[in-house]
Amino acid sequence: MACQQSRYHSFSSASRLQPRPSGVTIDESFLTEDKSTQNRKLLQKRRTLTGQFSMGGHLSPWPTYTSGQTILQNRKPCSDDYRKRVGSCQQHPFHTAKPRYLEELENYLRKELLLLDLGTDSTQELRLQPYREIFEFFIEDFKTYKPLLSSIKNAYEGMLAHQREKIRALEPLKAKLVTVNEDCNERILAMRAEEKYEISLLKKEKMNLLKLIDKKNEEKISLQSEVTKLRKNLAEEYLHYLSERDARKILIADLNELRYQREDMSLAQSPGIWGEDPVKLTLALTMTRQDLTRTQMELNTMKANFGDVVPRRDFEMQEKTNKHLQEQLDTLRASYEEVRKEHEILMQLHMSTLKERDQFFSELQEIQRTSTPRPDWTKCKDVVAGGPDRWQMLAEGKNSDQLVDVLLEEIGSGLLREKDFFPGLGYGEAIPAFLRFDGLVENKKPSKKDVVNLLKDAWKERLAEEQKETFPDFFFNFLEHRFGPSDAMAWAYTIFENIKIFHSNEVMSQFYAVLMGKRSENVYVTQKEIVAQLLKEMTNADSQNEGLLTMEQFNTVLKSTFPLKTEEQIQELMEAGGWHLSSSNADLLNYRSLFMEDEEGQSEPFVQKLWEQYMDEKDEYLRQLKQELGIELHEEVTLPKLRGGLMTIDPSLDKQTVNTYMSQAFQLPESEMPEEGDEKEEAVVEILQTALERLQVIDIRRVGPREPEPAS
């Protein structure tokens, strides 16, 4: 059936590609008819032409009777499928030979495709070239169909060229899109940093404005008290002057009465007065009384208008008194500000003195514990492997407590080398998952350097990709991947015993703390990021890229990288880096040497001092938190109280960081943490000592100053 379909297909294709006979013409009315009529006439003509070609013998009848073998099936000439099809078609009972022209084209196409298959860098566009050439041969040989075939070829070539141009035009847009995406991400990060900085500035401005409002309120209260006092004095003066006015009115009335009586008496006693005209005297008396009445009205009007007016002398006296009181108030305010500032300075000195007292007391206790009796450490030089020279190198710059650790490490390492097997710890719940085993475990006896390198490789793999498993499970999977399942348990016991002994080695002690859950792995990651950031800042400050910095540059980089460190801490870092107060400013420091490590993973004193300051700052931060809470270690603390204490000692903390601290302290997932102000907050309690110990495990540190700096 497949061969018959192939023969029909080949016949149809060959019929379309054969030249048109001379007796076949095209009906021009065919172009004006509808589609159904055209299809019907085309089918009739095709049947007529097929009969003419088959009966007349103008074209070869080979495609009708052959097995349908054709090369235009997108199959490789050398493939097994192609051989099977050729073999099956060769076994067909019909053995009519192909046209010679078709065989030549097929052989040519097969050879070209075979050459392209042998090449290693052939592309799809290159594989189209043989077919393009075959099509050109058809166009050249079939003159009748040449215009139609040429237009078909040109249409396909034009479309391929258009697609190539479109692809070529889109490639720069893809690169530009990546660049624009990176620029947008950088702008977003810059805008977030700027917004965070503006928020901090607005918080500081808010605190300053609140202080200014309190100050103005105090001034307002003071002025109100003064106004009340002045109003009281004014009321008293008003009553005094009112009584004075009434007394004056009574006095004037009495004086007028006496004057009238005196005038009447003088008229009665004067003998010549009766000689005057009584009408004239009456008229003069009437006019005099009218003048008196008018004068009395004017006097009353003036008293009514100016009765509440303070005399100028009294006003000047009150003004002078008020000015004197204002000067005294300004003097007292200035004195109060000076006393307040002195009080703040004294409180800071008091806090620093308390801190120094606690530190000195702890040092005194440590000295009293370790200095009596004073051991003779020179006796160890003959016992330690390596002799006096190695003991002198190990004991250099160490106190008695550190020397005890060194001696214990030497004794432990000696005992560890003598052991050939470790006893398994069993499968108890208290046993770490990577140590659960019964029986004897082989001691691999690696060197200290090998252990350090193995731990560094484990850290690299842990930080290379995000791990969802716990750190102990990761450690055991790392050993299985590194040494195989059969030796993983032996290496786990060997590594565990080594890192448990060598406390003085930074890499081992930190790995042991993280492995046993005494410290979060974020602490190690954060410390590495801080060291990398500091090295980057120093490299940026080194404009000549010589690896050297001056004292001023070194100091500036430290202050910009650690803005919350005190001057004393900055000075300690500079001394750990090899600079002292007596150093010359012209000296240069090779800052790259500060970040180097020896073969056993020991860092330089500068990096060690960074780690010591980090641990001291964490202890001080938790001490301030305990002091702010004001409760004993064995008492319970609620979630809102602990959150309030953190926000008091570190106002710059954001909500996400506070929730992380609360989740660690109360061992609650962040998704289950009650919202601030929720009634469920009071139900979440924990012993203060337990909460502080849990916070000690994670990376907890100060984000900003305890009190915002006053605006200048």
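## Arg100 and Glu104

Glu104 is partly exposed because its relative accessibility is 42%; partly exposed covers values between buried, under 20% relative accessible area, and exposed, over 50%, taken with a 1.4 Å probe and protein chains only. Arg100, at 66% relative accessibility, counts as exposed. The two side chains form a salt bridge in which the closest N and O atoms are 3.4 Å apart. A salt bridge here is a side-chain nitrogen of Lys or Arg within 4 Å of a carboxyl oxygen of Asp or Glu. Both residues belong to helix 5 (residues 100-118), where a spacing of 4 residues separates Arg100 from Glu104 by about one helical turn. Helices (H or I, at least four residues) and strands (E, at least two) are DSSP runs, numbered from the N terminus.

## Basis of the model

This is a predicted model, in which local features need pLDDT of at least 70 and side-chain atom pairs count only at pLDDT 80 or more, while totals for chains, interfaces and linings use all residues. Residues are numbered from 1 along each chain as its sequence is written, and side-chain values use heavy atoms, with hydrogens and water left out.

## Overall composition

The protein has 22 helices and 6 strands. Of its 712 residues, 26% are buried.

Contact means heavy atoms within 4.5 Å. Among contacts between residues at least 6 apart in sequence, 64% join residues at least 24 apart.

The whole structure contains 28 salt bridges. One of them pairs Glu136 with Lys153, with the closest N and O atoms 3.0 Å apart. Glu136 lies in helix 6 (residues 124-141) and Lys153 in helix 7 (residues 146-269), so this pair ties together parts 17 residues apart in sequence. Glu136 is partly exposed at 27% relative accessibility, whereas Lys153 is buried, with a relative accessible area of 17%.

Glu521 and Arg462 also meet in a salt bridge, at 2.9 Å from N to O. Here Glu521 is in helix 16 (residues 521-541) and Arg462 in helix 12 (residues 448-464), so the pair ties together parts 59 residues apart in sequence. Arg462 is buried at 7% relative accessibility, and Glu521 is partly exposed with a relative accessible area of 21%. Elsewhere, a network of salt bridges links Glu140, Lys143 and Lys146.

## A buried lysine without a salt bridge

Lys303, in helix 8 (residues 278-306), is buried yet has no salt bridge. The nearest side chain of opposite charge is that of Asp246, 8.3 Å away; Lys and Arg count as positive and Asp and Glu as negative, while His and the chain ends are not counted. Apart from neighbours within four places in sequence, Lys303 is in contact with Arg245, Arg248, Lys249 and Ile252.

## A nonpolar surface patch

Val404, Leu408, Ile411 and Leu415 form a nonpolar patch on the surface, together presenting about 350 Å² of accessible area. Patches are made of residues with over 30% relative accessible area and no salt bridge; like charges are joined within 9 Å, and nonpolar side chains (Val, Leu, Ile, Met, Phe, Trp, Tyr) within 5 Å. Val404 is placed in helix 11 (residues 400-418) and counts as partly exposed at 34% relative accessibility.

Conventions:
Areas by Shrake-Rupley, 256 points an atom, 1.4 Å probe, with all protein chains shown as cover.
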